[in-house]
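Visitor: I would like to go through this model term by term. Please set each value against its definition.

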Amino acid sequence: MTGSPQAAISLPKLTLVVGGARSGKSGYAERLVTATQRPRHYIATAEAWDAEMTARIARHRADRGDGWITHNAPLTAAATLAAIPAEAACLFDCATLWLTNILLAERDIEAEIATLLTALTACPAPIVIVSNEVGWGIVPENPLARAFRDHQGRLNQRLAAQADTVITVIAGLPLALKGADRCPK
């Protein structure tokens, strides 16, 4: 089946794609960035701490396919955003793992979040940032997990406030929450 080429979409300055684990949010975000037909930059925040995570990262990269410039930035997302060229489109995947890395490195979380938010504003390229919604489950049984859940919820609120468009993905289906009449497929 042949069809006419798809017209490039235009992304706003900042799009937040949020949802639960395995909801389809990363795939949706990748399609958004690809549809811009701009050079694609990918800020990867995952760290391969074990064999399972190494395999997961490799699958994610394979699923994404060729044509992406990948920046491994588990702790340096803000500096990496500063290097993204204006003619590109950027996917930051994901804020949840970035925050995990910041928490485990025992960095000043509020200062790091403020730096990230400033970098998102300063980046000249449109950015799609992926984040997990972690607040719909049970209350974690330990203080570290509760602290993480609380920090992640506050980070998502701040990202959503700054974003031009916020889309949630549930069961692979996008739903616009802010700034879009409908979600691009």
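Visitor: What radius of gyration would a compact globule with 185 residues have, and what does the protein chain have?

Guide: This is a predicted model: local features need pLDDT of at least 70, side-chain atom pairs count only at pLDDT 80 or more, and totals for chains, interfaces and linings use all residues. Residues are numbered from 1 along each chain as its sequence is written, and side-chain values use heavy atoms, with hydrogens and water left out. Now the radius, which is taken over C-alpha atoms; the globule rule is 2.2 Å times the number of residues to the power 0.38. For 185 residues a compact globule would come near 16 Å. The protein chain has 16 Å, so the two agree. Its C-alpha atoms fill a box of roughly 55 × 35 × 35 Å along the principal axes.

Visitor: What makes up the secondary structure?

Guide: Six helices and seven strands. Helices (H or I, at least four residues) and strands (E, at least two) are DSSP runs, numbered from the N terminus. From that end the order is β-α-β-α-β-α-β-α-α-β-α-β-β.

Visitor: Why is strand β2 called mostly covered?

Guide: Buried means under 20% relative accessible area, exposed over 50%, partly exposed in between (1.4 Å probe, protein chains only). In β2 (residues 40–44), five of five residues are buried. R40, Y42 and A44 point one way, H41 and I43 the other way, and all are buried.

Visitor: Which strands pair with β2, and how do you know?

Guide: Two strands pair if DSSP finds at least two bridges between them. β2 and β3 (residues 68–72) have five bridges, in the parallel sense. I43 has H71 as its bridge partner in β3. The chain crosses from β2 through helix α2 (residues 51–64) to β3 in a right-handed β-α-β crossover. Right-handed means that, with the strands pointing away from the viewer, the path from the first strand over the helix to the second runs clockwise. Five bridges also join β2 to β4 (residues 89–93), again parallel. There, H41 has C90 as its bridge partner.

Visitor: What is R107 in contact with, leaving aside its neighbours within four places in sequence?

Guide: L75, I102 and E112. Contact means heavy atoms within 4.5 Å.
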